Amino acid sequence: MTSEVQDPYPDPRSTKTFASLSVARSPPPPRRRSEAKKESSPPSLASDRRLLSFGMAAKRKMEWAASGAHLRGVPRRAVFAAVGAFAKAVASLLNTTTVHNADTLLRLVRHRPPGVPLLTVSNHMSTLDDPVMWGFKGFPSTDASLARWVLAAEDICFKNAVLSYIFRLGKCIPITRGGGIYQEHMNEALERLSDGEWLHTFPEGKVSQEDGPIRRLKWGTASLIVRAPVTPIVLPIVHHGLQEVMPENYFRGRRPPLPLCNKRINIVVGEPIEFNLPKMREMAITTSRDFSLPTLGWPSASPCGLDEAAQRSLYNAISDRIQAVMESLRIFGKKNLTS
């Protein structure tokens with residue numbers, strides 16, 4: 001996820017199309033009515049770019065494999081049985097994992113009100129954060145029906161058809177880095193929240209193994225909170241130690257082939273973050289009047305119809321709030337759980 005909507009697409013109108021629109025010296029030959037019906041007038045450049053940027057016409061990657069009805073759910077259950085067992089082995093057998101306030105996470109995963117989605121957010125310390133952070137004792141990491149959906153980098157987890165199929169079975173939603181907060185698969189994430197599901201995000205956007213403050217958050221998570229039909233329960237989680245289990249620069253700048261052992265993993269689960277969205281929307285409308293920024297062509301955010309400047313202000317305020325809570329959890333964990 002990213003705070004910017006990039007426009008990597010070339011001009012959709014080719015040289016041939018431009019040539020056909022130029023004024024000719026002599027009138028074109030007459031066409032039959034049937035031929036005229038087959039050709040439609042070329043769309044405007046702005047509309048083409050809007051469709052491409054927002055993913056309205058994009059095809060979702062292997063979405064059929066993400067369905068729980070795919071082959072009666074057998075492949076999905078097999079994947080979660082294997083991956084869940086792996087996570088438990090790494091977190092609970094090969095390493096020592098300490099979890100603060102695990103009961104809150106377990107309660108919200110198992111017993112939250114019907115139809116109310118859960119949105120967990122965490123820092124991103126290694127490529128093994130998900131699924132190993134769910135492998136602690138007592139967590140139902142092998143239960144596919146209770147498992148989270150997670151936003152996953154398309155360029156890493158969906159490189160080919162085999163990986164795409166496996167990660168789709170694992171309830172992963174591909175996200176294109178630099179694709180913006182209105183890309184098509186963000187709509188898929190919204191659909192999962194609309195279904196009352198559990199969605200996990202890494203709002204920092206990428207792995208960082210530096211032992212420092214929580215980095216500035218991308219706006220994708222905030223946009224999901226605002227756009228969801230039912231406001232999700234937002235639960236912050238901060239962990240430390242997985243960067244030692246799977247270090248990025250283990251040998252000659254590469255990761256180890258297998259997770260390392262005898263490390264200590266600390267996980268701090270916070271309390272749900274409350275957002276007064278009506279008040280925050282009003283504040284965003286007021287504060288956005290003081291800014292004059294170039295527009296990115298975002299659509300209005302339903303149902304409130306905020307303009308782009310107000311959306312930016314609102315997403316930034318929500319992201320700052322989540323970042324501040326996560327930083328307090330990081331400091332708590334460093335003082336109380338690390339040796």
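Q: Which hand does the crossing of helix 13 and helix 14 have?
A: That crossing is right-handed. Keep in mind that the model is predicted.

Q: And at what angle do the axes of helix 13 and helix 14 cross?
A: Roughly 125 degrees, with the axes coming within 8 Å. Angles of 65 to 115 degrees count as roughly perpendicular and those over 145 as roughly antiparallel, so helix 13 and helix 14 are oblique to each other.

Q: Which residues make the contact?
A: From helix 13 there are Leu277, Met280, Arg281, Ala284, Ile285, Thr287 and Ser288. Helix 14 brings Ala309, Ala310, Ser313, Leu314, Ala317 and Ile318.

Q: How does the contact of helix 13 with helix 14 split by class?
A: Nine residues are nonpolar, three are polar and one is charged.

Q: OK, switching to helix 10 and helix 11. How do their axes cross?
A: Helix 10 (residues 184-194) and helix 11 (residues 220-227) have axes that come within 10 Å and cross at roughly 45 degrees. That makes helix 10 oblique to helix 11, and the crossing is right-handed.

Q: Who meets whom there, helix 10 to helix 11?
A: Met186, Asn187, Ala189, Leu190 and Leu193 of helix 10 meet Gly220, Ser223, Leu224 and Arg227 of helix 11. By class, that's five nonpolar, three polar and one charged.

Q: Zooming out, how many helices and strands does the chain have?
A: 14 helices and seven strands.

Q: And what share of the residues counts as buried?
A: 47% of the 339 residues.

Key. Residues are numbered from 1 along each chain as its sequence is written. This is a predicted model: local features need pLDDT of at least 70, side-chain atom pairs count only at pLDDT 80 or more; totals for chains, interfaces and linings use all residues. Side-chain values use heavy atoms; hydrogens and water are left out. Helices (H or I, at least four residues) and strands (E, at least two) are DSSP runs, numbered from the N terminus. Buried means under 20% relative accessible area, exposed over 50%, partly exposed in between (1.4 Å probe, protein chains only). Axes are lines fitted to C-alpha atoms, for helices over the stretch in contact, and angles run from 0 to 180 degrees between N-to-C directions. Angles under 35 degrees count as roughly parallel, over 145 as roughly antiparallel, 65 to 115 as roughly perpendicular and the rest as oblique. A crossing is left-handed if the near helix is turned anticlockwise from the far one by less than a right angle, and right-handed if clockwise. Contact means heavy atoms within 4.5 Å. Ala, Val, Leu, Ile, Met, Phe, Trp, Tyr, Cys and Pro count as nonpolar, Asp, Glu, Lys and Arg as charged, and the others, Gly among them, as polar.
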